[in-house]
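Please keep the sequence and the 3D view open while reading.

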Amino acid sequence: SNDDITYFQTTGLQLLPRFECVYMNAPHTTKQSYPGLDQFSDGPWYSWADPTKSQSDQEEQWDESLICLANYCEEHGPFDGVYGFSQGVAVIADFSHPKIWRERFRMKQCPWKFAILACGASSQSLTFNKGTTPTTIAVPSFHTFGEKDSFLVDSKKIADLWDPSHSVTHMHGGGHVIDSQILKREPKMLVKLNNFLILQYRNSLNTKHG
């Protein structure tokens, strides 16, 4: 994907103009987009780990991506929230666990307070849960899945790593997509997302005044 697509998606989710959004491309270029995305952007296209590469190359690229994300957060963060789509869901999940942001990168706090995650993929790339049974990710999260998404099982696998007491989920009727009309087609999703965001706003006020 690229930041053109992310801008398009955040507009469809009505995160703009309610939030000031900054957009980050993944650090690795790829030759082609996910099918259909080239209708909305001329590229170039980016990946957190190119799935056409060998397993060892993907692991190396993923590690480089985590470093790149850490550097970006140190320079531009902290943030109120983070949005990710597809492979971006997995990299956000990885970084949201304290084994990564605290133990590996020595950050004092997670660089975001909540996460909005759409149509996750690449669960096999996660590193915080390798060889152990880790604690769940405590960051409040909103997960949306596509009923017809070929990555639906993978998306749910990533969602299960988050603390269910702080998670909200919604199954939309489409595939591996977030488009400009999704909240018009999915009024229940709009209500859930708005309620989630209102709760995060109230929590931030309580933190400031607590």
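1. Q58 counts as buried in this predicted model, because its relative accessibility is 13% and the cut-off for buried is under 20%. The residue belongs to helix α2, which covers residues 55-76. When the neighbours within four places in sequence are left aside, the residues in contact with Q58 are A49, D50, P51 and K53.

2. Which residues touch the most other members of the largest nonpolar core? In this core of 31 residues, they are I92, F95, W112 and W162. The elements that contribute two or more residues to the core are α2, β3, α3, α4 and β4. For I92, leaving aside neighbours within four places in sequence, the contacts are V82, Y83, G84, W112, A115, L117 and W162. Another core, of 16 residues, lies apart from the largest one, and its members include L15, F114, A118 and C119. As general background, nonpolar side chains tend to be buried together in soluble globular proteins.

3. The aromatic rings form seven pairs. In the pair of F114 and F196, the ring centres are 5.9 Å apart and the planes stand at 85°, so the arrangement is edge-to-face. This pair joins distant parts of the chain, with F114 in strand β4 (residues 112-118) and F196 in helix α7 (residues 187-209), 82 residues apart. Both F114 and F196 are buried.

4. F196 also pairs with F142, again at 5.9 Å from centre to centre, but here the angle between the planes is 50° and the pair is tilted. F142 sits in strand β5 (residues 141-146) and F196 in helix α7, 54 residues apart, which again links distant parts of the chain. Both F142 and F196 are buried. Taken together, ring pairs link F19, F114, F142 and F196 into a cluster.

Notes. Residues are numbered from 1 along each chain as its sequence is written. This is a predicted model: local features need pLDDT of at least 70, side-chain atom pairs count only at pLDDT 80 or more; totals for chains, interfaces and linings use all residues. Side-chain values use heavy atoms; hydrogens and water are left out. Helices (H or I, at least four residues) and strands (E, at least two) are DSSP runs, numbered from the N terminus. Buried means under 20% relative accessible area, exposed over 50%, partly exposed in between (1.4 Å probe, protein chains only). Contact means heavy atoms within 4.5 Å. Rings of Phe, Tyr and Trp (its six-membered ring) pair if their centres lie within 6.5 Å; planes under 30 degrees apart count as stacked, over 60 as edge-to-face and the rest as tilted. A nonpolar core is a set of buried Ala, Val, Leu, Ile, Met, Phe, Trp, Tyr and Cys residues joined through side-chain atoms within 4.5 Å.
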